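User: Could you walk me through this structure? I am new to it and would like to start with single residues.

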Amino acid sequence: MSHDLHESLRDNVRVLGDSLGRTIADDLGDGFVDKIETIRGFAKTGRQDGSASQRELINYLRGLPDQDLLPVTRAFNQFLNLANIAEQHYRARFRRVEDYKPGSQPALGELFERIRETGHKSRQLVETLANMRVELVLTAHPTEVIRRTLIQKYDAIDDCLTAMEGAVDYPEKAARAHGRLQELISQAWHTDEIRHERPTPVDEAKWGFAVIENSLWQAVPDFHRDLDSLLLDAAGERLPLDAAPLRFASWMGGDRDGNPNVTAKVTREVLLLGRWMAADLYLRDLEQLKVELSMWKANSALKADVGDEPEPYRALLKRLVTRVESTRDWAKACLDGKSYDGGPIIETRDQLYAPLLACYRSLCDVGLDGIANGVLLDTLRRVAVFGVTLTKLDIRQESSRHSQVFDELTAYLGLGHYHEWDESRRQEFLLEELASQRPLIPRRWECSVETREVLDTFRTIAGEHREALGTYIISMAGQPSDVLAVALLMKEVGGDVRLPIAPLFETLDDLNRSGEAIDRLLSLPGYRRLAGDRQEVMIGYSDSAKDAGQLAAAWAQYRAQETLVEVCERHGVSLTLFHGRGGTVGRGGGPAHAAILSQPPGSVNGSLRVTEQGEMIRFKFGQPDIALRSMEIYACAVLEATLLPPPTPEPEWREEMDRLADIGHSAYVTVVRETPDFVPYFRAVTPEGALGRLPLGSRPAKRRQEGGVESLRAIPWIFAWTQTRLMLPAWLGSGEAFATRMEEEGGLERLREMRDKWPFFGTYLDMLEMLLAKADVDIAAYYEHRLVDEPSLKALGKQLRERLQHLESSLLEILDQHELLEKTPLIRQAIDVRNPYIDPLHGLQAELLQRNRDADGAISPALSRALMVTMAGISAGLRNTG
Ligand code: PGA
């Protein structure tokens, strides 16, 4: 069976590849297509028989005339994107995600059974699901390389594949779909794959709303339907009407951390756009309901509400439609800067929910349950999940921006310099002001532009309904005063709106001290009065890995969560952990199910927030079927982690991890911070410098313009190493740690025991395995060969590659395997199939980087675009940016 399915994937890749070939031939002639075929041939044999053919490939690429470089890179990039479409289509259609990771992606039905078998009562199952609160937070992180214009074409290509498969017995229909497919591929070929300008934060937010419109709007009610019927089978009960186990929040237009383009004005605009879009989407549902709910039988409550109407449901819906239309008009007027003088608008979820619920109850009361549970129920579910704003918008700002406000203010008031105060002095001041009745900020205060922007953001918060906003996140947080500062600003300028405040701990030290910081914070009565019995804490995966190396960071994240769970329990506070995970392994990414189940027991407990970023939003939520499956995976993982939590680690495992993390950390730091040649090597050998030209997102690659690797954000740091396939940040340190332990008596056995019995460690190894399968020392060596002359840098490169190779042998030994991905052959195949298409892009990238350096960064616009296309193509080939 699985063989046949895989055949269908191969067929589709062939169909798409042939169409692309025809398009290119029409555009540039058969001679050009022959060149592409020659390159692909060399790359393929290069993969099979090694260096001689690889040299031929390189020589051929280096001999290409300048005018060929852009179309050649484009051809390989487009092919890789088409291969991704075929693969995504295959996964969605056959739901064979489990093929990619055997046994690790349970379906809800099976999980319900397992939960029942372990002695949990049906009631407990229903209650856990009904109270579950998982928030998937869509962020605008700049990791999506594909333009929206092309994504739309790719989605349409996917639809053509579906139509062709569904038309085997209708040759004319199949031919029509095929014709359309050819047209779309031609459109894509004749469209620039690289944006000419950076998207604005508002563009990014529109993209987020489009994902809701095109995919989640459908997937959400489907998900609830599936959940409902599975629950009915397993527990004899249905999901409560207003349950929303999974919701969506957003950072798009709210995350201003290191992004000066996200201003208070932008945030206001995005909030209005959300209102407008929500009204527009609900109007489509309501219009349909108005057409369909033509029944006359109604209960007395509805009759009393609408009066003597022959079609009471329509009468009520008509009223509701008018109000939602007014809401849309109001939002539009505000967006256009005009005044609004129409009728009353919908402000809250309940104003939309209550009339729909009245219709629902009435239909059920008069025996028309079948009708109630149709489109109407879907709309109710949407209201429960999306509210009147579609997502809750989080705000994120860096801690130093808040302390700067207080530094300026205390200086202005003649109180001294806040920056010079120690933590206890700061806390004392902030708590006193939090308790004070008089305002702190003088009206006439002339503050700096930066401070004004921070204050304006709080004013924006003050002007919003609480339902529109999520959490206020403080990046680079470390101390209780970081949280108190935001609480005070909220009190001073935030009006009555009090958002939950979540410190984001994202360096090794801050993670290590996070439990203590939260303990001190929760011990302050002045804070507890404000925060009540809830605390949200965000864990930063990628920055901590950048700071300390992946292994030490992973362990620090784990321990931080354990401590936070313990501290919050002690204070009687319910903790929500917010996981700031990126898409790739180096940024804490990985399959959601495995990631959630590898967290410490007790840390999930029905509630969880997690970021979904960039290309991952497309992979996981870009189409309704895929989104449905992703939602199921999340629900399964959180339910399982809550009711069947992973084991508490044995003391010996913890000791082992302490040692591994120490060795890993010092190996990482020795290379990254203490080796003088390291930064020059990084700059010379990776496309880091050129990455900034890729207009992926609205935010700059660096927090500050000056500064070395420290000021570089985690995304470009990982991105750059991914492009050369050394993938260094995600593995450096692990090899030394494993090797040291494996040389010691009983070390290997201990590591294997942890692999088998401890999901945290097992998942860590799985992710490392996946990453090493994508790493490639030959390619990394080629970049160095082409771009580095100094012997000392070359020596460092050689040493790094050797470390990677040693790690691979150690890992295989721990996994008891002969080669990587032995147990997940489909992932292996997916990588192998793509390599001959990615190799030429690497060859060309190194070439273009060298020419760019020779020209002092002034290569022609066509070559500069070719360089960008190589970056996009390699990302597409590896299925992530890094
Ligand atoms: P941040 O995210 O730099 O926005 O904190 C890093 C990442 O997602 O890798």
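User: Is Ser 215 buried or exposed?

Analyst: Ser 215 is buried, with a relative accessible area of 0%, where buried means under 20% relative accessible area, exposed over 50% and partly exposed in between, with a 1.4 Å probe and protein chains only. Please keep in mind that this is a predicted model, in which local features need pLDDT of at least 70 and side-chain atom pairs count only at pLDDT 80 or more, while totals for chains, interfaces and linings use all residues. Residues are numbered from 1 along each chain as its sequence is written, and side-chain values use heavy atoms, with hydrogens and water left out.

User: Where is Ser 215, then?

Analyst: Ser 215 is in helix 9, residues 201-235; helices (H or I, at least four residues) and strands (E, at least two) are DSSP runs, numbered from the N terminus.

User: And which residues is Ser 215 in contact with?

Analyst: Leaving aside neighbours within four places in sequence, Ser 215 is in contact (heavy atoms within 4.5 Å) with Ala 210, Phe 621, Gly 622, Gln 623, Pro 624 and Ala 627. A polar atom of the Ser 215 side chain lies 2.7 Å from the backbone oxygen of Phe 621, and a polar atom of that side chain lies 3.3 Å from the backbone oxygen of Gln 623.

User: Changing topic: where does UniProt place the "active site" feature?

Analyst: The unreviewed UniProt entry places "active site" at His 141 and Lys 546; UniProt positions are given in the numbering used here, feature names are shortened, and annotations may be inferred rather than shown by experiment.

User: Which part of the chain holds His 141, and what does His 141 touch?

Analyst: His 141 lies in the loop between strand 1 (133-139) and helix 7 (148-165), and His 141 is buried, with a relative accessible area of 11%. Not counting residues up to four places away in sequence, His 141 touches Trp 251, Asp 255, Arg 396, Gln 613, Gly 614, Arg 699 and Ile 715. The side chains of His 141 and Thr 139 are joined by a polar contact of 2.6 Å; a polar contact is a pair of N or O atoms within 3.5 Å, where within protein one must be able to donate a hydrogen and the other to accept it, and residues adjacent in sequence count only if both atoms are side-chain atoms.

User: What about Lys 546, is that buried or exposed?

Analyst: Lys 546 counts as buried, at 11% relative accessibility, and Lys 546 lies in helix 21, residues 541-548. Not counting residues up to four places away in sequence, Lys 546 touches several residues, including Tyr 668, Arg 673, Glu 710 and Trp 717.

User: Now the strands: in what order do the eight close into a barrel?

Analyst: The eight strands close into a barrel in the order 1-2-3-4-5-6-7-8, and the pairing is parallel. Neighbouring strands of this sheet are turned by 25 degrees against each other on average, direction ignored; axes are lines fitted to C-alpha atoms, for helices over the stretch in contact, and angles run from 0 to 180 degrees between N-to-C directions.

User: How many bridges pair strand 1 with strand 2?

Analyst: Strand 1 and strand 2 (residues 246-250) pair in the parallel sense over five bridges, where two strands pair if DSSP finds at least two bridges between them.

User: Why call strand 3 largely enclosed?

Analyst: Seven of the seven residues of strand 3 (residues 392-398) are buried, so strand 3 is largely enclosed by the rest of the structure. Lys 392, Asp 394, Arg 396 and Glu 398 point one way and Leu 393, Ile 395 and Gln 397 the other way, and all are buried. In a regular strand the side chains alternate between the two faces of the sheet.

User: Which strands does helix 19 lie across?

Analyst: Helix 19 (residues 508-522) lies across strand 5 (501-505) and strand 6 (534-540), running at about 155 degrees to strand 5. Strand 5 is mostly covered, with five of its five residues buried.
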